[in-house]
Structures are given as structure tokens and as C-alpha cells.
Amino acid sequence: MENNLEIKKNKIPNVLITDLNVIYNQGKPNEVRSLEGINLEIMPQEYVIIFGPSGCGKSTLLYSIAGLQKPTSGTVLIDQENISSYSKKKTAWFHRRKIGMVFQAFYLIGSLSIIKNICLPKIFDGVKRKERRFLAKELLERFGISEQAKKFPSELSGGQKQRVSIARSLINDPDIILADEPVGNLDSKSSQIVMTILKELNERDKKTVVLVTHDPAHLPYGDKIVHMMDGKIIKIEIIRKKQEIREALPESFVLKEGGIEERGELIKEEYIPLNLRHLMRSFRGLTSNQISNLLVPFKAQQIFAHLFFSMTNDQIEKAIKKLEDFLYAKITIEDFTKELDMPLEKGGIGWDKRIAERFSENIKQITEQANSISFIERDKTAWEIADYLNIRLKLELDDERKKELATIVLDRLDNRIGKEEFQKLIDFSTKDNGLDFDKRTAVKIAKELEMLLLLRYSN
Ligand code: ADP
Ligand code: MG
């Protein structure tokens with residue numbers, strides 16, 4: 001008893017959550033009480049597992065600790081500081097230096113090499129190239145992925161990608177690692193490697209680890225298991241026999257000096273959320289200050305995803321109906337934006353204002369462009385469309401390549417080629433008379449053009 005008190009006195013929790021409530025869509029018919037009356041203490045160097053069925057509020061709790069989710073009420077203290085009182089600048093600093101985050105979906109930047117992905121947070125901090133590379137190489141070696149340094153994310157297996165994302169989360173040496181279902185997408189062998197890495201970060205590197213999982217097989221890794229149900233903590237289990245658990249871990253996956261051996265199969269198609277792609281594209285040419293502000297939304301990807309998932313079918317269907325009204329010119333774009341944003345009770349659709357505005361801005365741009373398509377001055381139209389595609393899809397084409405794109409667009413306008421051929425032509429390498437876009441971009445350009453043509457024809 002005395003001993004316990006002694007420990008309590010000496011150690012100050014690095015996470016202290018008091019009476020935390022998070023309510024989404026408060027007061028609306030689709031109100032969700034995501035977290036209710038949460039009290040939780042996480043000690044330095046503790047390995048905490050937040051466990052419970054899907055939808056019980058685990059991610060919301062983790063994002064609250066990360067400062068990505070504002071409490072409806074209650075407080076979250078990290079190292080005795082209330083993170084919701086932080087300024088924007090301090091929040092950006094907090095995300096870079098205090099916590100490292102690991103997600104199920106990795107969120108690696110597809111256009112950057114593995115080593116650059118890992119260095120990214122250091123670039124934001126203005127650390128010299130040589131120093132960041134040195135740190136990144138150490139991490140690559142440690143996690144047995146040195147050979148992948150110059151490759152791109154799409155060339156790696158899921159397990160390798162997750163090791164890269166852990167390396168990225170560690171490059172600033174944060175005290176706390178937050179991991180949201182980090183092995184949810186991995187096969188069992190890769191899962192064990194990643195779980196072992198996290199365990200080692202806790203034991204050898206003395207990091208505080210908070211892991212979110214719905215898989216009971218992971219429970220033996222934790223020191224403290226927080227059981228959740230319906231937005232509440234229903235039980236906290238403290239596990240003491242740390243050494244025994246360590247010994248029970250699969251021997252073959254314990255990390256050794258010199259890294260681990262693993263060959264994973266290649267995953268060909270990579271899922272990159274739309275808003276992250278926007279971020280990737282905006283990345284070039286920004287100052288480090290601007291980029292560090294971008295880091296917060298970068299980590300907030302999953303919250304964005306929630307926003308869309310939280311939309312009801314009814315909301316989506318109503319939005320589509322309104323869009324039709326706009327396309328039939330029954331309402332103006334301003335009315336359309338207003339109705340998207342208007343609360344459900346008032347007969348609106350109840351979207352978040354910023355999303356409503358961005359959505360209708362996109363629609364406005366594309367319809368304006370479609371309306372200006374002229375089948376008489378086809379050369380001029382083709383050039384304008386190439387210009388539009390270049391800006392809208394941020395292709396960064398010079399005039400020479402824009403002209404080449406316009407030529408292919410003209411072929412499509414004249415119906416000499418169909419959608420498939422158009423896409424192939426811009427995807428082909430330059431030596432095969434194509435435009436040499438990567439496949440994803442080619443698909444996007446083709447889709448955008450078809451959309452324009454469709455809108456034009458229906459007018
Ligand atoms: P878990 O991670 O345990 O699966 P979450 O924290 O993601 O659970 O979600 C808890 C509850 O809150 C769910 O009912 C979910 O649908 C809801 N929710 C999460 N994010 C949002 C949001 N942005 N808007 C509305 N509801 C949300
Ligand atoms: Mg979740």
C-alpha cells in the first residue's frame with residue numbers, strides 16, 4: 001500500500017482525462033454521444049490498450065488525446081497542460097514533437113520516396129538534410145527496411161508500409177505514440193512484427209504507447225487495458241506480470257540488432273484518401289511554416305473520413321436531388337450551397353458549411369467550364385479544356401505539354417476516340433506518343449473530361 005502511494009507521488013501522469021464528453025451533431029436528429037464521462041490516467045512509459053467493439057468510441061478517445069478532437073466538455077491534460085487551450089502554432093508544435101501517430105491506413109505520401117516520407121516531419125522543422133537522412137537511416141535499419149529507402153510507398157507490402165509510418169512517427173522522438181488499429185489491414189505475420197515493434201518502443205525506448213484495437217489477441221501486449229462500450233469505459237484492467245508476457249511473445253519476431261528479416265508481397269494499388277492527395281499536391285513549393293500548419297489536417301485524415309461516413313443516406317439522397325435542381329437550372333448555385341448547409345429541421349441537408357461551400361465551388365467550376373464548350377470553335381475549346389484540366393487537377397504542365405493534351409482532347413471532342421482510348425493515350429509513355437501521366441492521373445483526367453462532356457450534352 002505504502003509502496004503504491006510512493007509510486008503515485010513520484011509519477012505524474014502524462015495523459016490525464018477528466019469528465020470527457022464528445023457529442024457529434026449535438027441537438028440534431030443524428031446526434032451521437034461518442035464519449036461519455038471518460039476519466040483516464042496514463043502514466044509515463046505505460047502501454048495502454050483501448051479495447052472494444054467497433055463504434056464504441058475508441059478512435060474518438062485517441063484523437064481527443066492527440067488534440068485532433070475537441071471535447072464537448074471535460075479536459076485532456078498532456079504533461080499537465082490543457083491541449084485545447086493551445087494556439088494554432090503550439091498545436092502544430094505539439095503534433096510534431098510530443099506525439100507520434102500511426103494509423104491503419106498508413107497515410108504515406110505516394111509521390112515521395114520512403115526515406116523522404118520518414119524525414120517529412122524533420123523537413124517541417126528545418127533540420128539539415130544530412131542530419132535528417134542520418135536519423136531516418138537509423139530507423140530504416142532498425143525496422144529492417146533499409147533496402148526500401150529509395151522506393152515509393154506503392155512498391156512496399158502493407159507490413160513494410162506500416163513500419164515506415166512508425167519510423168515517421170518516431171523521427172522527432174516524441175514521448176507518446178498513438179496507434180489506431182495499426183495492424184487492422186495486415187496479414188498475421190506482418191501484424192506480429194508491427195506489434196513487436198510497438199512493444200519494443202515501449203520497453204526499450206521507454207515510450208508511452210496507446211494502442212486502439214478491437215482484436216482481443218492484442219491484449220497480452222498491454223500493461224493497462226481500457227475496456228470500452230457505447231462511449232463509456234466499462235472496466236480498466238492493470239496487468240502486472242510484464243516479464244512473463246514478454247517471454248510469451250513469439251520469439252521469432254523479437255527485434256534483434258541489425259533488423260528483422262521479412263519479405264512481403266507487393267500491394268499494387270494504394271488507397272490514398274482524396275484530401276490527402278490534395279495535401280500531396282500542395283506540398284511542393286510551400287514554406288516549412290505553411291507545411292507545419294498542414295500537418296494537423298494530415299493527421300486528422302480519419303476524422304475527415306468520419307465526417308463523410310456520418311452522413312446519412314437521406315442526407316446524400318437529398319443532396320443529389322438538389323444538385324439535379326441546380327443542373328436543371330431550377331435553383332442558383334448560391335441557393336444550392338445554402339440548402340446543403342441548412343439544418344435538417346429547416347428542410348435543408350445539414351452539411352458542414354465549409355464542406356458545402358467547397359462542394360458547390362467544385363460544381364460551379366465544372367459547370368462553368370462545361371457551358372463554355374463550343375462545338376464550333378473546337379480548337380479553342382480544346383485548348384481551354386487543357387488549361388482547365390491543368391489548373392483544376394494541378395498537373396503543372398508547360399505550354400508544350402498542354403498543347404499535346406489539347407490535341408488529344410480535340411480527338412475526343414470530335415469523337416475520333418472514346419473515353420478508354422483517351423485515357424490510354426495520356427497514360428502511354430512519351431516514346432509511344434502518349435503524355436506519360438501515371439495511371440491514376442490519367443484516370444482522373446479522363447473522368448473529368450467525360451464529366452464536362454456529359455454536362456455539356458445534357459444542357
Ligand atoms: P471506434 O473507433 O471504437 O470504432 P469511433 O470513435 O470511431 O469508434 O466512433 C464512435 C461513435 O461516434 C460511432 O457511433 C461513430 O459513428 C460516431 N462518430 C465518429 N465520428 C463522427 C463524426 N465526425 N460525426 C458523427 N458521428 C461520429
Ligand atoms: Mg476506430
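Reader: Which residues of H16 are buried?
Author: Buried means under 20% relative accessible area, exposed over 50%, and partly exposed in between (1.4 Å probe, protein chains only). In H16 the buried residues are Lys402, Leu405, Ala406, Ile408, Val409, Leu410, Arg412 and Leu413.

Reader: Where is confidence lowest?
Author: pLDDT is the predictor's confidence in each residue, from 0 to 100, and the protein averages 78. Strand E8 (residues 208-213) has the highest confidence, at 97. Where pLDDT is low, the predicted coordinates should not be read in detail. The lowest mean, 40, belongs to helix H10.

Reader: How many contacts beyond four places in sequence does the model have for residues 241-309?
Author: pLDDT stays under 50 over this stretch. With a contact taken as heavy atoms within 4.5 Å, the number is 118.

Reader: Which residues come nearest to ligand 1?
Author: A residue is near the ligand if one of its heavy atoms lies within 4 Å. There are 14 residues around ligand 1. Nearest are Tyr24, Gly55, Lys58, Ser59 and Thr60.

Reader: What is the distance from an oxygen atom of ligand 1 to an N or O atom in the side chain of lysine 58?
Author: Tyrosine 24 puts a polar side-chain atom 3.4 Å from a nitrogen atom of the ligand, and a backbone N or O atom of cysteine 56 lies 3.2 Å from a ligand oxygen. For lysine 58 the distance is 2.9 Å.

Reader: Is cysteine 56 buried or exposed?
Author: Its relative accessibility is 3%. Cysteine 56 therefore counts as buried.

Reader: What is the phi of tyrosine 107?
Author: Tyrosine 107 sits in the loop between strand E6 (99-103) and helix H4 (114-124). Its relative accessible area is 5%, so it is buried. Although it is not a glycine, its phi is positive, at about 55°.

Technical notes
Residues numbered from 1 in each chain as written. Chains lettered and ligands numbered in written order. Predicted model: local features only at pLDDT ≥ 70, side-chain atom pairs only at ≥ 80, totals over all residues. Heavy atoms only, no water. Helix = DSSP H or I, 4+ residues; strand = E, 2+ residues; numbered from the N terminus. Polar contact = N/O pair within 3.5 Å; in protein donor to acceptor, adjacent residues only side chain to side chain.
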